[in-house]
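Please keep the sequence and the model open while reading.

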Amino acid sequence: MNIVSRVSAIAAGLLALSAAPALANPFPPTVWQCLRNDQVTVLANEKTEDVGTRFLVRTSTGDLKADCLVEQRPTDVVIGGGDDSAYYYIALAKTFLILDAGTGPDRGLAIFNLPSAKPVFEGGYSVQGNCSPTAGCESDEFTIGENGVTFWREVKDKATAKNCKDYAKFMKTTGSAAIEEKSLFRFSTQKIESLKDRRCVQQQ
């Protein structure tokens with residue numbers, strides 16, 4: 001799915017109209033990435049003072065160069081600017097900025113509605129295998145489609161020997177496990193829908 005147009009931009013404000021991959025922190029601190037569609041524009045830059053990426057959100061106009069100009073405007077909304085957040089880009093889909101969140105091995109998923117940057121979902125998730133969403137990889141574990149984001153969401157149910165077949169092994173190796181449910185974050189309603197399937201995964 002072609003989620004968004006991508007433009008690399010240099011911090012001085014000069015635009016380089018070349019493709020940039022959707023990786024977690026793929027660029028040095030002096031380089032920005034412009035993520036844009038017809039509705040919203042997002043400028044992304046790796047934080048130098050802390051971990052994660054800072055995002056500047058603005059409404060798109062008909063002027064690509066102006067939209068991607070690297071400057072913080074009074075009307076820009078900032079996501080991930082503080083030292084209490086560590087976000088990494090996954091995708092810009094319609095008006096939703098989809099981010100990986102966290103600093104440890106157990107990951108969180110954060111979804112913001114733009115351009116207001118209102119958080120509409122944040123919770124634990126995991127991807128089994130080597131197909132990382134922050135590298136632009138989609139699989140049965142994590143997909144972004146026309147209707148929304150399908151992923152494995154951590155639920156509140158506590159993992160036990162009764163509902164987790166590998167519970168003993170997980171407790172022996174890391175001492176932690178979680179129950180996940182396959183879920184859909186639907187763009188049209190901005191709500192989570194259960195897709196019924198559940199699994200138990202090891203955590204750190």
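In which sense do strand β9 and β10 pair, and over how many bridges? Strand β9 (residues 107–113) and β10 pair in the antiparallel sense over seven bridges, where strands are DSSP runs (E, at least two residues) numbered from the N terminus and two strands pair if DSSP finds at least two bridges between them. The model is predicted, so that local features need pLDDT of at least 70 and side-chain atom pairs pLDDT 80 or more, while totals for chains, interfaces and linings use all residues. Residues are numbered from 1 along each chain as its sequence is written, and side-chain values use heavy atoms, with hydrogens and water left out.

The hairpin of β9 and β10 has four residues between the strands, and A117 there takes a positive phi near 65 degrees. β10 also pairs with strand β12 (residues 148–154) in the antiparallel sense, over two bridges. One opposite pair from each pairing is listed here.

| Residue | Stands opposite |
|---|---|
| I111 | F121 in β10 |
| Y125 | R153 in β12 |

R54 is found in strand β5 (residues 53–59). With a relative accessible area of 18%, R54 is buried, a word that means under 20% (1.4 Å probe, protein chains only). The side chain of R54 makes a polar contact with the side chain of E49 at 2.7 Å; such a contact is a pair of N or O atoms within 3.5 Å, of which, within protein, one must be able to donate a hydrogen and the other to accept it, and residues adjacent in sequence count only if both atoms are side-chain atoms.

Definitions and conventions:
Buried means under 20% relative accessible area, exposed over 50%, partly exposed in between (1.4 Å probe, protein chains only).
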